[in-house]
Amino acid sequence: MRISTKVECGIIALLDIALNTNNESTVKVNAISKRNNISAKYLEQIFPLLKQSDLIISVKGSNGGYRLSRSLGDITLFEIVNALDRSILSSSEFSQDLEQNVTDAIERCLWKPMTSYLRKYTRSMTLKDLTDMYYERKNYNDDISFIAACG
């Protein structure tokens, strides 16, 4: 499955905000850009979509930046993906020129079950799950680095 750069960078940006804010603090686009090697200009194109979908809040001023609009456990991957690219989790569409019985069979046997599974899975996965997985991997990799350095 191929995910667009916009979706990938949007998920990374939200994860970065989740990892680098506490309470009422914010994260600046330039900081996200530097930490994740993503163009700040590209992030500035993605953030209005995330804001419009009520996933982030922008704060103006000297301490301005972005923060999540809700708690980590209340933001699903389904919402994030749909905010950035509605076509990924949508129903398939076939050309009207194709034979109807063939496209109906393909839709029922392949695309409909796959899309249903992806929708269900992304609705169950939250930003909190991603941050937990991040910390789990980070701790695991830190332990390996420590062992390798001491070994």
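This is a predicted model: local features need pLDDT of at least 70, side-chain atom pairs count only at pLDDT 80 or more; totals for chains, interfaces and linings use all residues.

Q: OK, and which helix is Leu110 in?

A: Leu110 is found in helix α5, which covers residues 100-124. Leu110 also belongs to a nonpolar surface patch of about 400 Å², which it makes together with Val102, Ile106, Trp111 and Met114.

Q: Let's zoom out: how many helices and strands does the protein have?

A: There are 6 helices and 2 strands in the protein, and reading along the sequence gives the pattern α-α-α-β-β-α-α-α.

Q: What share of the residues is buried?

A: Of the 151 residues in the protein, 32% are buried. The accessible surface comes to about 10,100 Å², and carbon and sulfur atoms hold 52% of that surface.

Q: Now the inside: which residues touch the most other members of the largest nonpolar core?

A: Those are Phe47 and Leu50, in a core that has 32 residues. At least two residues of this core come from each of α1 (5-20), α2 (29-36), α3 (40-52), β2 (65-68), α4 (77-84) and α6 (127-150), and the largest share, 7 residues, is supplied by α1. As a general point, nonpolar side chains in soluble globular proteins tend to be buried together.

Q: What does Phe47 touch?

A: Leaving aside residues up to four places away in sequence, Phe47 touches Ala13, Ile17, Val29, Ile32, Ile56 and Tyr66.

Q: Back to α1, then: which of its residues are buried?

A: The buried ones in α1 are Val7, Cys9, Gly10, Ala13, Leu14, Leu15, Asp16, Ile17 and Ala18, so Ala13 and Ile17, both touched by Phe47, have under 20% relative accessible area.

Q: What span should α1 have?

A: With 16 residues at 1.5 Å a residue, α1 should span 22 Å, and this agrees with its end C-alpha atoms, which are 22 Å apart.

Q: One more: is α4 mostly covered or mostly uncovered?

A: α4 is mostly covered, since 7 of its 8 residues are buried, namely Leu77, Phe78, Ile80, Val81, Asn82, Ala83 and Leu84.

Definitions and conventions: Residues are numbered from 1 along each chain as its sequence is written. Side-chain values use heavy atoms; hydrogens and water are left out. A nonpolar core is a set of buried Ala, Val, Leu, Ile, Met, Phe, Trp, Tyr and Cys residues joined through side-chain atoms within 4.5 Å. Buried means under 20% relative accessible area, exposed over 50%, partly exposed in between (1.4 Å probe, protein chains only). Helices (H or I, at least four residues) and strands (E, at least two) are DSSP runs, numbered from the N terminus. Contact means heavy atoms within 4.5 Å. Patches are made of residues with over 30% relative accessible area and no salt bridge: like charges are joined within 9 Å, nonpolar side chains (Val, Leu, Ile, Met, Phe, Trp, Tyr) within 5 Å. Accessible areas come from the Shrake-Rupley method with a 1.4 Å probe; for residues, only the protein chains shown count as cover. A salt bridge is a side-chain nitrogen of Lys or Arg within 4 Å of a carboxyl oxygen of Asp or Glu. The expected span of a helix is 1.5 Å times one less than its number of residues.
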